[in-house]
Amino acid sequence: MLQEKRIDTTNRWLLWGITLLLVTLWLVDFIVRQLPSPLPTRWTRGVVDQLYLSCSMEALWRRPWTIVTYTLLHNSGLHLLLNLLLLWLFGEMQLRHSGWRQFVWSYLGGAVVGGIAFVLCTSLLRAGGVILLGLPLVGASASVIALVGYMVGAAPRAEMPLPLIGSLRVWQVGLFVFLLLLLAYGGYNVGGLIAHLAGVLWGCGLGLYHRRRQRSARQQEKLQDAQTARYQQLLDKVQQSGYQSLSDEEREQLIEHNNQWLDQSGHN
């Protein structure tokens, strides 16, 4: 069972590191904004403006690092709390399922793909005459929603134990999160919705790719086990009745397996 696999200390510290970073930056931002002028203005112009992702392609060329750093900022405590909830719920599950490398690919890839989709789509919509609010992109939502997409693609039928609800399938929880996303962003923040959708697609694509690789590896392992069992049968037959007792087909199988073993030994 997926839930029975243990998560090691290093992987858990990856989640804690992201959590502490996001919470610390939000607290600093919140505290500075409560201070008397001109400190909040200086903070915004000196730090925040260098981190958020603008919907302008020109601004992205000037500040290319914002394609990732926008994930460090959040609009509100509720925004941060929801992202942390998804980070721990799906991030811990992904670390158990696929390890830290796939987690990093999903998390950072979701940020980059979501940011690029945000800038490109909003630029195209504005060029086509669509009136948008022009809000910058902030928050780790594209990254954490990529973790949701990954688990939906990699293990859709795995069970997730949830407090007060019980166990649900991963795809059921993922569908609920996706519908909640449409309700939250579909009405006014088209750019944010685009970034989230791009993150979901990125994560889901990675998850499907990993799932197919796992399935191919299992099939290859089963084939090797069958070949090994057949080879052992032929060896037992030779030991009991001699090499002459083998048919031509059995001799070919024995020689082929010996050649494969010699090739593998030579490569090693």
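The exercises below work through salt bridges, surface patches and a hairpin in a predicted model.

Residues are numbered from 1 along each chain as its sequence is written, and side-chain values use heavy atoms, without hydrogens and water. Because the model is predicted, local features need pLDDT of at least 70 and side-chain atom pairs count only at pLDDT 80 or more, while totals for chains, interfaces and linings use all residues.

**Exercise 1. Salt bridges**

Task: Find how many salt bridges the whole structure holds, and describe the one between Arg12 and Glu92.

Solution. 
- Step 1. Search the whole structure. Four salt bridges are found.
- Step 2. Take Arg12 and Glu92. Their side chains meet at 3.0 Å, N to O.
- Step 3. Arg12 is in helix α1 (residues 9-34) and Glu92 is in helix α5, 80 residues apart, and the pair links distant parts of the chain. Helices are DSSP runs of H or I with at least four residues, and strands are runs of E with at least two, both numbered from the N terminus.
- Step 4. Check exposure. Buried means under 20% relative accessible area, exposed over 50%, partly exposed in between (1.4 Å probe, protein chains only). Arg12 is partly exposed at 30%. Glu92 is buried at 15%.

**Exercise 2. Bridges within a helix**

Task: State which residues pair with Arg33 and with Arg62, and how each pair is spaced.

Solution. 
- Step 1. Arg33 pairs with Asp29, with the closest N and O atoms 2.9 Å apart.
- Step 2. Both sit in helix α1, four residues apart, so about one helical turn separates them.
- Step 3. Arg33 is partly exposed, at 41% relative accessible area. Asp29 is buried, at 11%.
- Step 4. Arg62 pairs with Glu58; here the closest N and O atoms are 3.4 Å apart. The two lie four residues apart in helix α3, about one turn.
- Step 5. Salt bridges with shared partners also join Arg12, Glu92 and Arg96 into one network.
- Step 6. Return to Glu58. Helix α3 spans residues 57-62. Glu58 is exposed, because its relative accessible area is 54%. Its C-alpha lies 9.9 Å from that of Val119, 61 residues apart in sequence.

**Exercise 3. Surface patches**

Task: Say which residues form the positive, negative and nonpolar patches.

Solution. 
- Step 1. Patch residues have over 30% relative accessible area and no salt bridge; like charges are joined within 9 Å, nonpolar side chains (Val, Leu, Ile, Met, Phe, Trp, Tyr) within 5 Å.
- Step 2. Positive: Arg212, Arg215, Arg218 and Lys222. Arg212 lies in helix α9 (residues 190-241) and is exposed at 62%.
- Step 3. Negative: Asp248, Glu249, Glu252 and Glu256. Glu249 belongs to helix α10 (residues 248-267) and is exposed at 54%.
- Step 4. Nonpolar: Leu78, Leu81, Leu82 and Leu85 make a patch of about 420 Å². Leu85 lies in helix α5 (residues 77-98) and is exposed at 53%.

**Exercise 4. The hairpin**

Task: Describe how β1 and β2 pair, and which residue between them has a positive phi.

Solution. 
- Step 1. Two strands pair if DSSP finds at least two bridges between them.
- Step 2. Strand β1 (residues 159-162) and strand β2 (residues 166-169) are antiparallel, over four bridges.
- Step 3. Leu162 stands opposite Gly166 in β2.
- Step 4. Three residues separate the strands, and Leu164 takes a positive phi near 70°.

Definitions and conventions:
Accessible areas come from the Shrake-Rupley method with a 1.4 Å probe; for residues, only the protein chains shown count as cover. Lys and Arg count as positive and Asp and Glu as negative; His and the chain ends are not counted. The place of a charge is taken as NZ of Lys, CZ of Arg, CG of Asp or CD of Glu.
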